[in-house]
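This report covers the ligand site of one protein model and a selection of its salt bridges. Please read it with the structure open.

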Amino acid sequence: MKLWGGRFTKPTNELVDAYTSSIGFDQKLAKYDIQGSLAHVAMLGKCGIIEQDEAETIADGLKHVLNKILAGEATLSQADEDIHMNVERLLIEQIGPVGGKLHTGRSRNDQVALDMRLYLREAIVEIIGLLGAVQTALTEQAKQHLDTILPGYTHLQRAQPVLFGHHLMAYAYMLQRDVERLQDSWKRVNKMPLGAGALAGTTFPIDRHFVAEQLHFDAITENSLDSVSDRDFVVEFLAAASLISMHLSRLSEEMVQWSSAEFNFIELDDAFSTGSSMMPQKKNPDVAELVRGKSGRVFGHLMGMLTTLKGLPLAYNKDMQEDKEGMFDTVETLKGALGLFAPMIETMHVKQDNMYHAVRNDFSNATDLADYLVAKGMAFRESHAVVGQTVLYSIEQGKYLLDLGLEELQQFSNLIEEDIYEALAPETVVAARNIPGGTARVRVQEQVDDIEALLETNRQWTEEQAAKLEG
Ligand code: ARG
């Protein structure tokens, strides 16, 4: 007999059980479900809604049930639909009919909303920690490469030389915004929905604030209909996760390119590369490729959740059970990628000579020739044209700007003097971009210092929240 079987005269069709049950995936919520129930039952006892000794019996029973589930000793059944009813069934088996008092003043609708928030809080703290490890790996590599020059690209054409440290710090800042987005979402995740009941609230004199305090929520949700029917905190998480995945995917793409023979800028450590079953010479950047590939499923989960929610009338609808698998998968996917990325970046071997060679054999100092002429009084638009002609001439001669003799250069402008060679050297070109945010060594060092300070702030935030969650 179902826990809700009273008004039914027939058992549920087996196919219906199989189709509608969520126990196959929401058993992941067991720990949070029982954590929430412990707070709820403590409140029921405190408010005199059930007897204090009944509350204690139920609490003990719940702990027992959790241990059984975690040890894999509990039988979870499809007929009991979901984790909430399975736990209740196991509780009643454990302690007898008094277990039936647990669900007083509560519905699975507010219960599942609570579980989702409890789960996501922990996931957010963990993911911010993992993002920090990747940011640290990027920053440590950047510090090793404050003198390593490589071509910076636009349109994947060599554009202007930059420091490799500067390039890596760009990603450290992307991930910093990802951290801040997750921290911001925390304000909305960390509200306690229990008490909403099925949709309208409850007739019992419950104390929602007490439950919120027990579970370390900052506040209670404000509207019972909203509490059980919205999952915008899940959408927000999936959106933040999509941006993280997108950033990791771009960095992955660069690592794939850089480790190709065509670029030959880095070599990934053997421990983070894989081979080919047929071609003995191959060393493939599979991890980077898979991180790039898996961004697709994360974006998909975001679209899936938005689409599931878009046509739903208030309040709870069974459609919302679809909120779970995408969220779980997103958390697992992110954890996998971030966990691998930190050591993959730490151990990556940077081929600075090849990078420098690439810079030396391109026209990425052409802007600097134009700027040189401007400094000597020529209008930028005119200097742009002059340098364009110089580049064209160089290409015809099979040379780069630094290979041209002084007389050759002076054909294009008599403003050009001997100091041009110093001005066009990659080191000078990089050092000249000495404005905040620029690629000059001192400016990249500023970025490193800034990120290191932010990492410390992130670490403190994470520790504070983790300490609260552990209670
Ligand atoms: N398994 C359900 C879910 O995840 C729990 C809430 C069910 N509520 C209900 N009235 N059927 O959404």
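A residue is called buried when its relative accessible area is under 20%, exposed when that area is over 50%, and partly exposed in between. Glu253, at 28% relative accessibility, therefore counts as partly exposed. The model is a predicted one.

**Ligand site**

Which residues surround the ligand? The shell consists of Ser22, Asp82, His84, Arg108, Asn109, Val112, Tyr316, Gln321 and Lys324. By class, two of these residues are nonpolar, four are polar and three are charged. Helix H6, which spans residues 108–144, supplies the largest share of the shell, three residues.

On Asp82, a side-chain N or O atom is 2.9 Å from a nitrogen atom of the ligand. Asn109 places a polar side-chain atom 2.8 Å from a ligand nitrogen. For Tyr316, the ligand atom is an oxygen, and the distance to a polar atom of the side chain is 2.3 Å. On its own the ligand has 340 Å² of accessible area, and the protein covers 86% of that.

**Gln111 in helix H6**

Gln111 also lies in helix H6. Is this residue buried or exposed? Its relative accessibility is 2%, so Gln111 counts as buried, the cut-off for that class being under 20%. Apart from neighbours within four places in sequence, Gln111 is in contact with Asp33, Ser37, His84, His103, Arg106 and Leu194. One of these contacts, His84, is also among the residues that surround the ligand.

**Salt bridges**

Side chains of opposite charge can pair when their charged atoms come close. How many salt bridges does the structure hold? The count is 30. The table lists some of them, with the distance between nitrogen and oxygen.

| Glu140 | Lys143 | 3.2 Å |

Glu140 and Lys143 are both in helix H6, three residues apart, which is about one turn of the helix. Glu140 has a relative accessibility of 36% and so counts as partly exposed. Lys143 is partly exposed too, because its relative accessible area is 33%.

Asp178 and Arg181 belong to helix H7 (residues 164–189); because they are three residues apart there, about one helical turn separates them. The two partners fall into separate accessibility classes: Asp178 is buried, with a relative accessible area of 1%, whereas Arg181 is partly exposed, at 32%.

Terms used
Residues numbered from 1 in each chain as written. Predicted model: local features only at pLDDT ≥ 70, side-chain atom pairs only at ≥ 80, totals over all residues. Heavy atoms only, no water. Near = heavy atom within 4 Å. Polar contact = N/O pair within 3.5 Å; in protein donor to acceptor, adjacent residues only side chain to side chain. Areas by Shrake-Rupley, 256 points an atom, 1.4 Å probe, with all protein chains shown as cover. Helix = DSSP H or I, 4+ residues; strand = E, 2+ residues; numbered from the N terminus. Nonpolar A, V, L, I, M, F, W, Y, C, P; charged D, E, K, R; others polar. Buried < 20%, exposed > 50% of the residue type's maximum accessible area, 1.4 Å probe, protein only. Contact = heavy atoms within 4.5 Å. Salt bridge = Lys/Arg side-chain N within 4 Å of Asp/Glu carboxyl O.
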